[in-house]
Structure formats: C-alpha cells, structure tokens
2 protein chains.
Amino acid sequence: MNRRTYHRASEAERREDLIAATLDCIAEFGIQGATVRQIAMRAGVTGGLIRHYFSSKDQMLQAAYRKVMASMTEAAVAAAIEGETARSRLRRFIVANVTPPVTDPRTLSLWAAFISHIQIDQSFAAIHRENYLSFLEALETLLSAFFVEEKRALSPAQCRTYAIGVNALVDGLWLEGTLAADTFAEHELAENALISVEALLRLQPGELSAEQR
Amino acid sequence: MNRRTYHRASEAERREDLIAATLDCIAEFGIQGATVRQIAMRAGVTGGLIRHYFSSKDQMLQAAYRKVMASMTEAAVAAAIEGETARSRLRRFIVANVTPPVTDPRTLSLWAAFISHIQIDQSFAAIHRENYLSFLEALETLLSAFFVEEKRALSPAQCRTYAIGVNALVDGLWLEGTLAADTFAEHELAENALISVEALLRLQPGELSAEQR
DNA sequence: GCGCGAATTATTCGAGCGTATAATAAGCCT
DNA sequence: AGGCTTATTATACGCTCGAATAATTCGCGC
C-alpha cells in the first residue's frame with residue numbers, strides 16, 4: 001500500500017548518481033559485488049530504475065569505466081595547463097600523475113577491475129585504447145613543447161620513444177606508489193618521478209626536478 | 001544410476017589442475033565468471049570436489065593468485081641467472097620482463113583481476129606485498145652487483161632509489177607493451193626498455209643496451 | 001488545479017551462485 | 001581377492017543474480 005515516495009531527477013544527474021554508485025560498489029565489494037541491487041541501494045533508488053537509464057548492467061559498467069579514466073586524465077591535464085612554461089607544464093603533469101587524487105587506492109582498484117575486463121569484452125578494450133592513445137598524445141605534446149623551449153632538436157620518432165618511456169615510468173610509479181603507499185613518504189614519489197624522468201630524457205640533474213630555474 | 005567413472009589423482013596434481021582451471025576461467029570470463037561450476041567443468045570434475053581441496057572458493061582464488069605471481073617472477077629470474085656477468089644478468093632480467101611469456105594479455109588480465117581485489121580482501125593484499133617486496137629485492141640485488149662490477153660506488157639508498165625507478169619503468173613498459181601489443185614491433189619494447197634503463201641509471205648509451213661489450 | 005506522460009517502485013521469474021551432505025566407486029593394503 | 005579408506009560424484013538447499021513486467025506516483029503543460 002504505502003509506496004516509497006521519490007524525487008524525479010533530471011536524466012543527467014540520475015545517470016551521474018548511478019555511475020558514482022556503481023564505482024562505489026566496485027571499489028568496496030569488487031566487480032562481483034557491484035550488483036544491480038547493491039548499486040541501486042547505494043544510489044538511493046530501486047533496482048528496476050537502472051534499466052530505465054541503461055539498456056543493461058554491462059552498458060552501465062562501460063559508462064563507469066569512461067568516467068574513471070576521464071577523471072584521471074582530467075586531473076593531470078588540469079594541473080599541467082596551469083604551468084606558465086613548457087617545462088613547468090611537463091613538470092606539473094608528471095607530478096600530478098603520482099600525487100593524489102590520481103594516486104588513490106580506490107582509483108587503482110577501479111582501474112584494475114576494468115583492465116582485467118578488456119580481454120574479455122571488446123567494448124572495454126575500445127575504451128582503454130581511446131584513453132591510452134589520448135594520454136600518450138598529451139604527453140608527447142608536452143614533451144615536444146618542452147624540447148622546443150629548451151632549444152633541443154629532436155626527431156618526432158625520438159620524441160615518441162621518449163613519450164613511451166615516460167608514460168611507462170609514470171604508470172609504473174603510479175602503480176608502485178599507490179599499491180605500496182605506506183612505503184613512500186609524502187613527496188618522495190613525486191621527487192623520484194621528476195629525477196627519473198630527467199634521467200630518462202638525458203637532462204642535467206635539476207633541469208626538470210629543481211623547484212624553479 | 002550410471003555414475004560417472006573417474007580417476008583418483010594425487011593431491012598435488014589435483015590442486016594444480018584446479019588452480020589452472022581457475023585461472024583459465026578468470027582469464028576467459030572474468031572473475032565474475034569464474035564460478036565453482038565453471039571451474040570444475042574446466043578441470044573435468046564436479047563442483048563438490050573443489051571443497052575437498054580448498055576450504056572455500058576464496059582460498060582457491062588466493063592460491064591461484066600466488067601461482068600467477070610466482071610464474072611471472074620465476075620466468076624473469078630464470079632468464080637472469082643464465083647470464084654470466086652482472087651486466088648480462090641485469091640485462092636479461094629486464095628483457096625477460098617485457099617479453100613473452102611475461103608480456104601476455106592473459107597474464108595481465110589475471111594480474112589486474114587480483115590487483116583489483118587487494119583493497120577489498122586483506123589476504124590478497126598480503127600476497128601482493130610479499131611478491132612486490134621480493135621482486136624489488138631481486139632487482140636491487142642485480143643492480144648492486146652490476147654497479148660493483150662496473151666499479152661504480154653507490155650508496156645503498158641510491159641503489160634502492162634506482163631499484164624503485166627501474167621497477168616502475170619495467171612495470172609500466174610491461175603494462176603498455178601488453179595492453180597495446182599491436183602498437184609495438186617484436187623487439188621494440190625490449191630495446192626501449194634497455195635504453196630507458198640505461199638512461200635512468202645515467203649510463204653511457206650502449207653500456208647496457210649494446211648486444212655485447 | 002488537473003490530467004497525462006513518464007520516471008520510479010514493486011513484484012515476479014528462471015537461472016545460477018556457493019555450500020553442505022549423502023551416496024558411491026576407486027584403488028591401496030594385507 | 002576382498003575389505004577399508006577416501007576421493008569423487010550426485011543432489012539438494014537457501015540465496016542472490018539480472019531482467020521483465022505491472023502498478024503507482026510525480027510534476028510539467030495547459
């Protein structure tokens with residue numbers, strides 16, 4: 001008799017809520033624990049509503065994956081554009097990638113959960129590829145601008161090789177630093193990242209890592 | 001009436017089969033698809049048998065995680081010990097980590113599936129930590145031996161910093177190379193790895209990457 | 001202020017989940 | 001060769017899953 005009262009939300013905010021709830025559940029209970037019912041409860045709605053906004057649970061998971069990756073790159077790119085020189089932008093980009101909120105156990109859990117699905121479901125593979133290439137391109141752009149600023153000539157091929165190496169290093173430090181967070185002090189990871197990148201690019205010590213030139 | 005005939009296997013080989021079947025299922029269907037019944041079918045037994053060898057499905061998953069990590073480090077360490085000089089051992093170790101069978105989409109899927117669970121279940125966190133530290137230590141040992149051989153003095157702290165950086169780089173290249181395998185040619189990744197590591201360690205170009213000294 | 005479309009709830013369905021237990025067949029020991 | 005242990009099968013149980021459908025309530029347009 002007594003039905004629950006409810007609020008009719010706009011499509012955009014409802015979808016957002018559902019995606020956020022999905023990510024909460026995956027982070028807290030794993031992808032197996034992210035059931036339609038759990039997600040709905042977390043979002044404060046009933047299970048049936050999910051299929052009103054997504055044609056299947058799988059489609060909602062894909063939307064959630066896009067959301068995770070978008071916020072990761074967004075955070076790093078936002079940090080970078082605040083730099084005034086190419087050197088500063090590169091520096092900020094690298095530091096942002098090994099600093100909260102990007103280095104966050106929850107984010108890593110989500111990322112890993114989706115990564116483990118890209119060999120199973122082609123839709124996830126496409127989302128991954130899209131994001132990987134866009135990250136690599138952003139990094140390559142920052143790098144080449146930096147080298148121009150430094151008046152150091154570099155072939156596009158060399159620049160790409162550097163981008164691949166720096167990307168790997170940043171990814172690896174992000175992984176290491178997040179998974180073994182208690183092993184590293186506050187800024188230890190960021191310092192290590194800058195020193196490692198400048199070594200990787202064969203720069204002089206301090207050329208990138210020093211606070212200011 | 002007609003019960004299935006069966007073979008009584010030794011405990012060791014049965015456990016091995018069950019773990020292998022578990023990994024097959026996770027790789028093929030994801031961790032959600034690795035159900036007791038699927039795993040049993042893959043192993044050619046019936047579901048009930050699993051609980052004769054493992055006190056719960058979760059314990060079997062943990063055993064499977066250990067197995068994955070063990071075979072990864074094993075492959076790299078086995079490659080390393082065949083080198084005759086410290087330089088060669090370091091070189092082989094790095095190359096092995098960015099070369100099949102370590103770089104394998106299936107392995108990466110499995111790794112990611114378990115990584116995504118270490119924030120949820122402490123048992124998985126312990127297994128991760130154990131393997132991470134042992135990998136880091138193996139790398140540190142190889143590095144310090146290499147520096148001794150090169151007659152280059154290095155403080156233990158510096159050596160550890162290098163180990164963390166190289167570890168990150170190798171992990172990152174492993175990730176990148178496996179996830180975007182079609183982007184890289186056969187030995188491109190290994191070459192990039194060696195060149196990047198030698199830059200990271202501030203070695204002369206070719207000091208580590210050249211085929212032989 | 002009321003009616004109507006649609007967002008949301010409630011309920012149901014069949015399938016599949018992990019686990020527990022009882023029945024059975026395999027194969028070693030003497 | 002035959003009995004005994006136990007590895008293995010078979011079956012059942014209680015729950016939860018994703019999805020479909022029916023019933024209801026919200027809130028905008030007039």
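This is a predicted model: local features need pLDDT of at least 70, side-chain atom pairs count only at pLDDT 80 or more; totals for chains, interfaces and linings use all residues.
How many nonpolar, polar and charged residues does the surface near DNA strand C have? It has six nonpolar, 11 polar and nine charged residues.

In total, 26 residues surround DNA strand C. Both protein chains supply the closest ones: Arg4(A) and Gly48(A) from chain A, and Thr5(B), Thr35(B) and Val36(B) from chain B. One element stands out here. Helix α2 of chain B, residues 36-43, provides the largest share of this surface, three residues.

By class, the surface near DNA strand D divides into six nonpolar, 11 polar and nine charged residues.

How are the two protein chains related? Two copies of a chain are related by a rotation about an axis and a shift along it. In this model, a rotation of 180° superposes chain B on chain A, with 0.0 Å of shift along the axis and an RMSD of 0.1 Å. The two copies are therefore related as by a two-fold rotation axis.

Next comes the protein-protein interface. Here 34 residues of chain B are in contact with 34 residues of chain A. The largest share, 12 residues, comes from α8(B). Sorted by class, this side of chain B has 17 nonpolar, 13 polar and four charged residues. The copies meet through the same surface, because 97% of the interface residues of chain B are also interface residues in chain A.

Finally, look inside chain A. Chain A is divided into domain 1 (9-55) and domain 2 (57-201). Their centres, taken over C-alpha atoms, are separated by 28 Å. The contact between them takes 11 residues from domain 1 and 12 residues from domain 2 of chain A. On the domain 1 side, helix α1 of chain A, residues 11-29, gives the most, with six residues. What classes make up that side of domain 1? The residues of domain 1 of chain A that touch domain 2 divide into nine nonpolar, two polar and no charged.

Notes: Residues are numbered from 1 along each chain as its sequence is written. Chains are lettered from A and ligands numbered from 1 in the order in which they are written. A residue is near a molecule or strand if its C-beta atom, placed from the backbone, lies within 6 Å of it. Helices (H or I, at least four residues) and strands (E, at least two) are DSSP runs, numbered from the N terminus. Ala, Val, Leu, Ile, Met, Phe, Trp, Tyr, Cys and Pro count as nonpolar, Asp, Glu, Lys and Arg as charged, and the others, Gly among them, as polar. Two residues are in contact if their C-beta atoms, placed from the backbone, lie within 7 Å. Domain bounds come from an automatic or database domain assignment. Copies are superposed by least squares on the C-alpha atoms of residues with pLDDT of at least 70 in both.
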